[in-house]
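Here are a few friendly notes to read with the model open beside you. Take them one at a time and find each residue as you go.

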Amino acid sequence: MSQALLDASGKVLLLSGAWGGVGRAILTRYVASGGTVVALDRSPGPDTPGVLSLTCDVTCEDAVEAAVAQAISRHGRIDAFVHAAGVVGAGDLQSTALPDW
């Protein structure tokens, strides 16, 4: 894989489910590639360099909006988003209502 594809230098990633298995792997790789992670999870994560850990239940729209606002206030922007939270549900992107998403 090209090294350029893995260069996250100066980039800010908003990551839900950050402290679970998949989320933690993404977080670890992104920070190792020079990026900053705003880590969202229902449980607080450990104090980790390059990571702003926010307690957030992604099933609550107000909590997500507050987390996004805090991320932008702290870092000025969000460059990427990964939804790795394990929320159970069925449906496709186009037909899933926001409360169910």
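Predicted model: local features only at pLDDT ≥ 70, side-chain atom pairs only at ≥ 80, totals over all residues.

1. Ser33 has a relative accessible area of 13%, and because buried means under 20%, Ser33 counts as buried. You will find Ser33 in the loop that runs between helix 1 (21-32) and strand 2 (36-41). Which residues does Ser33 touch, not counting those up to four places away in sequence? They are Leu6, Asp7, Ala8 and Ser9.

2. Next, look at the largest nonpolar core, which has ten residues. Its members are Ala8, Leu13, Leu15, Ala18, Trp19, Leu27, Tyr30, Val37, Ala39 and Val51. Strand 1 (12-16), helix 1 and strand 2 each give two or more residues to this core.

3. Setting aside neighbours within four places in sequence, Ala18 is in contact with Gly23, Arg24, Leu27, Ala39, Leu40 and Asp41. There is also a second, separate core of nine residues, with Val38, Leu40, Ala67 and Ala71 among them.

4. Finally, how many salt bridges are there? The count comes to one. Side chains of opposite charge can pair when their charged atoms come close. Here Arg77 pairs with Asp79, and their closest N and O atoms are 3.0 Å apart. Are these two partners buried or exposed, or something in between? Arg77 is partly exposed, at 36% relative accessible area, and Asp79 is partly exposed too, with a relative accessibility of 36%.

Terms used: Residues numbered from 1 in each chain as written. Heavy atoms only, no water. Helix = DSSP H or I, 4+ residues; strand = E, 2+ residues; numbered from the N terminus. Buried < 20%, exposed > 50% of the residue type's maximum accessible area, 1.4 Å probe, protein only. Contact = heavy atoms within 4.5 Å. Core = buried A, V, L, I, M, F, W, Y, C linked by side-chain atoms within 4.5 Å. Salt bridge = Lys/Arg side-chain N within 4 Å of Asp/Glu carboxyl O.
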